[in-house]
Amino acid sequence: MLRAKGPLLTVDVGERTATETTIDDHLEACVGGRAVATALAHDRIPFEADPFGPENRLYLSTGPLQQSKMSFTGRMNMTGLSPLTDGLVSTNAGGYLSRNFVDTGISALEIVGESDELLAVHVTDGVDESHSSGGETASRPRVEFETVPELEGATVPETSDYIEERHGLGPEHCVVVGPAGENQVRFASVMTYDHRAFGRGGLGAVLGSKNVKCVTFEGESAPSVEIPNPPEMNVHSEAAQSEDLMRRQGTTGNTEMINEAFSLPTRYFAEYEFEHADAIGGDAVEEKKYKKGACSACAYACKLPTRDEETGLETEGPEFETVYAFGSLQGVGDIVDVMKSNDLCDTLGMDTISAGVTVAAYLASEDEFGNADLAHDVTERIARREGIGDLLAEGVERCHDELGVDSYAVKGLELAAHDGRVLNGQGLSYAVANRGGDHMYESRVMSAEYGGRIDPEGTLGKVEALVEGENEAAFRDTGIVCAFGSGYVTDERLEALFDADREDLLEIGARTVELERHFNNRRGFDREDDRLPYELPNLEAAISEYYEARGWNDDGTVPSSAIESVATADD
C-alpha cells in the first residue's frame, strides 16, 4: 500500500532539543496524515494531560499524495489535545505548506514542552556527516530555535513579513499563531499562507501555550514516493477543465439554495431563514473576487481572493461557513462586513466558525443583531482577551450561562452551518462525532440529505451511511485528499493510487475513529457527551444503533479488546 515516508521529528521547545525517530511500522499500518498522527497522539499524550500543559503534544503530518503533482493534494493534517473540546482533535489546512514540509525529509513533526521565551522554530534538511556512507553524505532534519520577543502580540501577516525579511521564506513555508494563539483563546487557529487555517478545535492555543510563534520548513530532501501516473494525471486534467460552480464561488455557491430549501441558521439559531442571504451568498462573493486562488499543485482553483474597491479591503474568502457564522447568525447582511470579519479572524488567528458563533451569542445577549461594527470590535477583543473578550475567548459552552443564552455546541465545539434540526442525519453525525459539532467529520450523510438521496427527516436507518462517511473522511485526511476532490479522486482512483482495496482504506479510517474515541473515553467521555442542544426524533435509539455498528459498548466506550487489535495492527 502507498504510504508516506520519513521519520518523526520530535521537537522539545522547553529543552530546545530535536530527536528523530523511525516510524516505519506506524506508516505501514496508518499510511500517514490523520491516521498516523492519531496513533502517535494516542500512544504519546498522557490521557490526563492538560491541553495547555507542556505534556500535550501537537502533530503536523502529511500523507503520500503530498509528493504527487495531483490536484486536491495541497493539504496537511494537524492533531492534538483540544483546549475547546478537551478531547483529541484533528484539523487540516490547504495552501502551499505541504510540499515544503515534505522537502525537509520528515513525515511528521511532534512539538512538546513549553518554552520560557517566545520562539520561532526552523526545520531544515541539514547534511549529517556522521551518517555518510560510500562517500555520500546523508541529509537529516535540522532544527534551529530563534527567540523572537519582538513578535509578541504580532498578527499573522506581521509574523510572515518578519520571517520573509529575516529568513527569506514566504508564508507558504510557515505555520503561525496570531495574538489569539498567544493569549490561549480556546478556538485559536494555526495559520499558514496567511489565510489558510488549521481551524477547528483551538490548536493555535496549544502552540501558543508552548510559547511558539511560528514554525518554518525548508529543504530539498523529499523522500522518493512513486505515485501511479494515470490516476494522477487524469484527476489533474479533469480538475483543470471543470465548470463546477465551486470554482467560481467556492463553498458559498449553494448559500441561497440552502437558505430557501433547507435552513440557514439565523440570529443565533432563533430563525431558519435569512432575508438577506442573497447579499452575502455566492453571487455577492463572486462580485468581489478579483483573481483566481488555489492550493499547491491544484488546477481546481476554488479559493476566493476578494477585494472591496471602495474600502480597499482585501482578504481570501469568506467561505460558506464564515458567511453563516458572521452573516446570517449575527443578522449581518452586508458582504463587505462579512469580509472584514473573515479578515480579522485570519489576521488574529481564530477559527471563523467558533468565533462567529460566539460573537453571535454575545449579540443575542445584548439584543444587537445586525451590528457589524460591534461584532468587529468584539472579535478583536476576543483575540486579545480584553474586557468581554476574555469571557468570550472561552467559547460558547463555557460562557453561555453568563450571557444568558443557550449553548449551540457539541462537546464544546460550536456548531457548523448545516442545520441538524432540518438535516436530522447531520444532527446525528454532530452528536456522535469525536470532534463534536463539525461538518467535516463526515459529509456523506449531509450531502445525501441535501441531494435528496436520503430523507432529511429522522435519524434511524442512517447509521450505515454515517459510519462509512466517517471512515471515508478519516482516510481522506490520511492520504491526504481534499474533501472537494471526491468527484474526481473517485473510489476506483483511490484504490489505484494506494494499490489497495476500498475496504482496506476504510479500515484504516475506522481504526483512526476508534483510537480517537478510546483516547476521549480515557479522559471521561462517554454516551452522556453524545448529545445535542435540541431534540431529534429517535436520537437515543439511533445512537445505540451507531454504537452497535461500530462494535462499541452501549455507554459509548470502546471495548479494550478493540484497542488491543488496533495496537497489534500498528506493531
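The side chains of R200 and D351 are joined by a polar contact of 3.1 Å, where a polar contact is a pair of N or O atoms within 3.5 Å, with the condition that within protein one must be able to donate a hydrogen and the other to accept it, and that residues adjacent in sequence count only if both atoms are side-chain atoms. This is a predicted model, in which local features need pLDDT of at least 70 and side-chain atom pairs count only at pLDDT 80 or more, whereas totals for chains, interfaces and linings use all residues. Residues are numbered from 1 along each chain as its sequence is written, and side-chain values use heavy atoms, with hydrogens and water left out.

- R200 is found in the loop between β13 (196-198) and α6 (203-209); helices (H or I, at least four residues) and strands (E, at least two) are DSSP runs, numbered from the N terminus.
- With a relative accessible area of 7%, R200 is buried, a term that means under 20% relative accessible area, as against over 50% for exposed and in between for partly exposed (1.4 Å probe, protein chains only).
- The side chain of R200 also reaches the backbone oxygen of E414, at 3.0 Å.
- Leaving aside neighbours within four places in sequence, the residues in contact with R200 (heavy atoms within 4.5 Å) include V89, T91, I353, L413 and D438.

- Strand β4 (residues 76-81) runs antiparallel to β5 and is joined to it by six bridges, two strands being counted as paired if DSSP finds at least two bridges between them.
- L81 stands opposite L88 in β5, and in the hairpin of β4 and β5, which has six residues between the strands, D86 takes a positive phi near 70°.
- Strand β7 (residues 119-124) is mostly covered, with six of its six residues buried; L119, V121 and V123 lie on one side, and A120, H122 and T124 on the other.
- β7 pairs with strand β10 (residues 142-147) in the antiparallel sense over six bridges, and with β14 in the parallel sense over five bridges.
- A120 stands opposite E146 in β10, and the bridge partner of A120 in β14 is C214.

**Cysteines**

- The structure holds zero disulfides, a disulfide being a pair of cysteine sulfur atoms within 2.5 Å.
- The sulfur of C214 is 6.0 Å from the closest cysteine sulfur, that of C174, and is therefore too far away for a bond.
- C174 is buried at a relative accessible area of 1%, and C214 counts as buried at 0%.

**Aromatic rings and charges over them**

- There are 14 aromatic pairs in the structure; rings of Phe, Tyr and Trp (its six-membered ring) pair if their centres lie within 6.5 Å, and planes under 30 degrees apart count as stacked, over 60 as edge-to-face and the rest as tilted.
- The ring centres of F101 and F217 are 5.0 Å apart and their planes stand at 55°, so this pair is tilted.
- Because F101 lies in helix α3 (residues 97-102) and F217 in strand β14 (residues 212-217), the pair ties together parts that are 116 residues apart in sequence.
- F101 is buried, at a relative accessible area of 0%, and F217 counts as buried at 0% relative accessibility.
- Y268, F269, Y324 and Y408 form one aromatic cluster.
- R307 lies over the face of Y290 at 4.0 Å from the ring centre, and R421 over the face of Y272 at 4.2 Å; a charge sits over a ring if NZ of Lys or CZ of Arg is within 6 Å of the ring centre and within 35 degrees of the ring normal.
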